[in-house]
Amino acid sequence: MAEEFHRTAKFHGASFRASDLYGLTVRDSDLRDARIASSWVDGMRVTGFDGAAGALYVDDVEVSDYVAAELDRRHPERVQLRAVRTLGDHRAMWETSKGLWARSKERAEALPESARNERVDGEWSFVETLRHLIFGIDSWVGVMLTDPPAPYHRLGLPPTDFSDEDTVTLGLDRGARPDYAEVVRALDSQWARVDAVLAELTDADLEQLRTGSLGVGEEPETVPVSHCLGVVLREHTEHRRFAERDLTTLTTAAEEGTTR
């Protein structure tokens, strides 16, 4: 029988990482300011006091359609991304993505260097997010599409579930503290790689199968070229949404002269 905790403050401020909380039940408890990030939440139901709760299921009302529609309204590039089919679509989406990121970089460049390296609520900083985009291109364009002898840029930042040992094996320096300008130069080079790949492809090439191993000891996977490009496009779309959210917080703090 599962262990039960009653009237405990044992987990106040606790952090669970890479943990199995399947079937967890929390009742009559204080979950104010609780956050669930980068986790599986399929089927999660939340019932709040007086009908005031958060996303997913709220007092038995499923709200994901509303949330999706609101995200599409705020970020219309999501709609464009879902419609990508042809090579022309991929190219147009990539140009949209680069344009949006250019605007995000302008916002970041209006902040001090310390803010660009600051984490908001424990999420990646703006600089770390750019480093993750470098890693994503190395994986899905480098490993899967162009297969260079040393596919990973040392400043690339892998997902948080990569072990330190695997990170070193791939030639990555997770602990590096590069300045913003250095990371932008590296990302610009990565974007040029994507530009070159898209320029050379044809519509027929999109369905070609490519095989590669993403990570140390991972079984090779075989996917179409379109899938590889799609991952890069989705990563750029979703991570920019998070980056914009955090830039708003950082910009507000800077304008108010407060520290977080």
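**Cavities, a pocket and a helix pair**

The largest cavity of this predicted model is lined by Glu-118, Val-120, Trp-124, Ser-125, Phe-126, Thr-129, Ala-243, Asp-246, Leu-247 and Leu-250.

Q: What makes the space lined by these residues, Glu-118 and Leu-250 among them, a cavity?
A: A cavity is a set of points where a 1.4 Å probe fits but cannot get out. The largest cavity holds about 60 Å³ of space, and the search of the whole structure turns up three cavities of 30 Å³ or more.

Q: Which helix gives the most to the lining of the largest cavity?
A: Helix 8 does, with four residues. Helix 5 also supplies at least two.

Q: How do you know which residues in the lining of the largest cavity are charged?
A: Asp, Glu, Lys and Arg count as charged, so Glu-118 and Asp-246 fall in that class. By class, the lining has six nonpolar, two polar and two charged residues.

Q: What classes make up the lining of the second largest cavity?
A: Six nonpolar residues, one polar and no charged ones. The residues are His-90, Trp-94, Val-194, Leu-198, Leu-229, Val-232 and Leu-233.

Q: Why are helix 5 and helix 8 called roughly antiparallel?
A: Angles over 145 degrees count as roughly antiparallel. Helix 5 (residues 126-146) and helix 8 (residues 225-256) pack at about 180 degrees, their axes 10 Å apart, and are therefore roughly antiparallel to each other.

Q: Where does the largest share of the lining of the second largest pocket come from?
A: From helix 5, with five residues. That pocket has a volume of about 190 Å³, and its lining includes His-132, Trp-140, Val-231 and Glu-235.

Q: How do you know where the predictor's confidence is lowest and highest among the elements?
A: Look at the mean pLDDT: strand 2 (residues 57-58) is lowest at 62, and helix 3 (residues 87-109) is highest at 98. Over residues 50-55, pLDDT stays under 50. For the chain, the mean is 89, and 92% of residues reach 70 or more.

Methods:
Residues numbered from 1 in each chain as written. Predicted model: local features only at pLDDT ≥ 70, side-chain atom pairs only at ≥ 80, totals over all residues. Heavy atoms only, no water. Axes fitted to C-alpha atoms, helices over the stretch in contact; angles between N-to-C directions. Parallel < 35°, antiparallel > 145°, perpendicular 65-115°, else oblique. 1 Å grid on protein atoms, 1.4 Å probe; cavity = no way out; pocket = protein on both sides within 12 Å on 5 of 7 lines; lining within 4 Å. Points joined across faces, edges and corners; volume = space filled by probe spheres on them. pLDDT = per-residue confidence, 0-100. Contact = heavy atoms within 4.5 Å.
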